[in-house]
Amino acid sequence: MDTRILRAAACCCALTLSACGSGSRGSVTPPDGRLDKCTIRFSWWGGDDRHEATLKAIELWNSRHPDITITPEYGGWDGWQEKVAAQLSGCKEPDVMQINYDWLVTMSPDGKGFYDLSQLSGELDTSGISEDMLSFGMVEGRLNAVAVSVTGRTLFYNSDVYRSAGASYPQTWDELIALGRSFSEKNIYPLDLDIQSGGTAWYLAVVYVQQTTGREFIDMDGKLGFTEEDIKTAIDFYKKLEDEHVIRTIRTRTDEDGNAALYQSPEFIGGRVAGVLEWGSSVGKYESVLPEGTLEAGPLLSDGKGNEGGWLVKPSMLYAVSRNTGYPDEAAAFVDFLLNDADCARTLGTTRGIPSSRYALESLEKNAQLSGLAKQSSDMLTADRTVVVSPYMELARVKDMCNETLEKVSYGTADTASAAAELYESLETYLEKTRK
């Protein structure tokens, strides 16, 4: 079996098993007598549910440690990577940062872009995190960051809309296509894919091709695994979703939503769009805009012919410390709090997914907080033959190229064959350049 599949399974299982090993941590109070009085800047992106929980966690920290004040900096995903890249370029980044998986490739290719957290073991306890999880943050032998959780995209549906339409959640790709045809009579859509938000549309097309071919889009070393024909199959699949009324066309989505994210769209909130594909660690922003209990997780799709898997998992996000911080011990103590503290875990809940730390996981279990859509998503992915997303697939330029290709096909300015040939060549060239 592919080692990436084994690794993905091990990581997913770590999310759903009860806390293991001897001993557990409660509310840990760092020895402030050893630490300096200072202000630590902490930045993250997310939806309102994550913002609110994180601000409460910061209040908890500040109440315990009045000499080490945490200053929050947060916002939505759009433009966030560019903002942090500019801060790093100007040596003005926050002391503690929530970072994305691919930033280790672009911002720390030699392992020196962030502080080596292995040098801060006096304040940061990683004993509750598996070696597989820690490996996500290792670059050139340096622990650049610690994964907060593992996540994957899952299908979520508006149960009220499906119930009123007399429809069941699809289990196969063909059933999804058939729903598009039946829902078109009611002028509603069974699903939509936010093409700009993290490459959601291309992601589903990749899963479809990975499942049917057994090949991976991009491997962990940044080499393209799809053939030109595979890329054409992915583009054809996306175009079929539009043509069969499964999802809105890009022109329709732009006309109806403008620049609004899908979870802010009146079409989603009002129920005309009845399904989304979202990370389990971020689905709360969709859940929060609908009546309680309305959004439900649906099955991971397969071809119904025995071909399963192809669905992807990755670190949802990681915590890193600035290499330029003047307070590395204090920053590490705060990261330890975010990852391991029992009270902090209960405050954050699953707003960043199912925690990687067994200490946080144990706290949520004791408080009956391991439930809801994030947990359902994790359970389904654990049971599937998932593979780990290559960090190169997460690169902004790779996503842009794939999104631009789908836009050309959607607007009719390119046919799928020529679009596939162009994208294949562009990806090969860019990945080869990036690997050097």
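Student: Which elements each supply at least two residues of the lining of the second largest pocket?

Tutor: They are α4 (103-107), β4 (138-139) and α18 (416-435). Keep in mind that this model is predicted.

Student: How do I read a pocket at all?

Tutor: Rolling a probe the size of a water molecule over the atoms shows where empty space is left. Here, the second largest pocket holds about 440 Å³ of space.

Student: How many residues line the second largest pocket, and which lie nearest its centre?

Tutor: The lining has 17 residues. V105, V139, M220, P391 and Y392 lie nearest the centre. By type, the lining divides into 10 nonpolar, 3 polar and 4 charged residues.

Student: What should I look for in a nonpolar core?

Tutor: In soluble globular proteins, nonpolar side chains tend to be buried together. In this model, the largest nonpolar core has 113 residues. W202, F217 and W311 have the most contacts inside that core.

Student: Is E140 buried or exposed?

Tutor: E140 counts as exposed because its relative accessible area is 62%, and the cut-off for exposed is over 50%.

Student: Where does H245 lie, and is it buried or exposed?

Tutor: H245 lies in the loop between α9 (228-243) and α10 (250-257). Its phi is also positive, near 65°. H245 is buried because its relative accessible area is 16%, and buried means under 20%.

Technical notes: Residues are numbered from 1 along each chain as its sequence is written. This is a predicted model: local features need pLDDT of at least 70, side-chain atom pairs count only at pLDDT 80 or more; totals for chains, interfaces and linings use all residues. Side-chain values use heavy atoms; hydrogens and water are left out. On a 1 Å grid over the protein atoms alone, a cavity is a set of points where a 1.4 Å probe fits but cannot get out, and a pocket is an open set with protein on both sides within 12 Å along at least five of seven lines; lining residues have an atom within 4 Å of a point. Grid points are joined across faces, edges and corners, and a volume is the space filled by probe spheres set on the points. Helices (H or I, at least four residues) and strands (E, at least two) are DSSP runs, numbered from the N terminus. Ala, Val, Leu, Ile, Met, Phe, Trp, Tyr, Cys and Pro count as nonpolar, Asp, Glu, Lys and Arg as charged, and the others, Gly among them, as polar. A nonpolar core is a set of buried Ala, Val, Leu, Ile, Met, Phe, Trp, Tyr and Cys residues joined through side-chain atoms within 4.5 Å. Buried means under 20% relative accessible area, exposed over 50%, partly exposed in between (1.4 Å probe, protein chains only).
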